[in-house]
Amino acid sequence: QIVKEWVKELAIQRGQIDANAVLFTFGSYHLGVDEPGADIDTLCVGPKYVNREQDFFTILCGILAQMEEVSELQPLPDAHFPAMKFKLHGISINLLYANVSLAVVPSSWVFTMQHLPCGPQS
């Protein structure tokens with residue numbers, strides 16, 4: 001819900017009519033082989049007008065920093081896989097962001113391995 005509200009607010013600021021973001025888990029949690037205390041790897045997919053540098057690492061990070069239920073917030077914009085690490089209600093989360101070339105990400109959008117690039121990109 002936090003992410004959806006963040007994207008809706010950005011949509012309003014940028015004159016967009018509709019907005020949505022979708023969260024996908026991956027890694028050990030998604031595979032069901034996570035250990036107690038392990039983090040939950042999560043990918044947030046947002047619309048084309050929401051960017052990682054300013055919107056994700058500055059605006060969303062600021063929103064999370066003000067939330068009582070969020071602790072140990074660490075933005076990692078220069079990491080190999082840029083992410084924010086934090087605890088939400090004591091649960092460790094690794095949150096990554098990617099945008100797609102859509103004005104609205106459908107709630108029913110399904111992310112599969114087919115969406116990942118394979119091999120060298122030109």
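Of the 122 residues in the protein chain, 32% count as buried, where buried means under 20% relative accessible area, exposed means over 50%, and partly exposed lies in between, with a 1.4 Å probe and protein chains only. The model is a predicted one, in which local features need pLDDT of at least 70 and side-chain atom pairs count only at pLDDT 80 or more, while totals for chains, interfaces and linings use all residues. Residues are numbered from 1 along each chain as its sequence is written, and side-chain values use heavy atoms, with hydrogens and water left out.

The protein chain holds three helices and five strands, and along the sequence these follow the pattern α-β-α-β-α-β-β-β. Helices (H or I, at least four residues) and strands (E, at least two) are DSSP runs, numbered from the N terminus. Among contacts between residues at least 6 apart in sequence, 58% join residues at least 24 apart, a contact being heavy atoms within 4.5 Å.

We can begin with helix α1. The expected span of a helix is 1.5 Å times one less than its number of residues, so the 12 residues of α1 should span 16 Å, and the 17 Å between its end C-alpha atoms agrees with this. The buried residues of α1 are V3, W6, V7, L10 and A11. They cover an arc of only 135° around the axis, which puts them on the same side of α1; the arc is that of the directions from the helix axis to the C-beta atoms. The cover over these buried residues of α1 includes β1, β2, α3 and β5. Just after α1, G15 takes a positive phi of about 70°.

Helix α3 can be described in the same terms. The end C-alpha atoms of α3, a helix of 14 residues, are only 17 Å apart, which falls short of the 20 Å that a straight helix would reach at 1.5 Å a residue. In α3, the residues D55, F56, F57, L60, C61 and L64 are buried. They cover an arc of only 160° around the axis, and therefore lie on the same side of α3. On the face of α3 turned away from its buried side are the exposed residues E53 and A65, while the cover over the buried residues of α3 includes α1, β3 (70-76), β4 and β5.

Turning to the strands, L43 has its place in β2 and is buried, with a relative accessible area of 14%. The C-alpha atoms of L43 and L96 are separated by 4.8 Å, although these residues are 53 residues apart along the chain. V45 is also found in strand β2, and V45 is buried with a relative accessible area of 2%. Its C-alpha atom is separated by 7.0 Å from that of V100, 55 residues away along the chain. In strand β5, N94 is buried at a relative accessible area of 11%. Leaving aside residues up to four places away in sequence, N94 touches D39, I40, D41, T42, M84 and K85.

Two further residues deserve a look for their backbone angles. E72, in strand β3, has a positive phi of about 55° although E72 is not a glycine, and at 55% relative accessibility E72 counts as exposed. H89, in the loop between β4 and β5, likewise has a positive phi of about 55° without being a glycine, and H89 is exposed, with a relative accessible area of 62%.

Rolling a probe the size of a water molecule over the atoms shows where empty space is left. On a 1 Å grid over the protein atoms alone, a pocket is an open set of points where a 1.4 Å probe fits, with protein on both sides within 12 Å along at least five of seven lines, and lining residues have an atom within 4 Å of a point. The second largest pocket has a volume of about 210 Å³. Of the 14 residues that line this pocket, I2, V3, L23, F86 and L88 are the closest to its centre. At least two lining residues each come from α1 (2-13), β1 (22-26), β2 (40-46), α3 (52-65), β4 (83-88) and β5 (91-99). The lining of the second largest pocket divides into 11 nonpolar residues, three polar and no charged, where Ala, Val, Leu, Ile, Met, Phe, Trp, Tyr, Cys and Pro count as nonpolar, Asp, Glu, Lys and Arg as charged, and the others, Gly among them, as polar.

Conventions:
Grid points are joined across faces, edges and corners, and a volume is the space filled by probe spheres set on the points.
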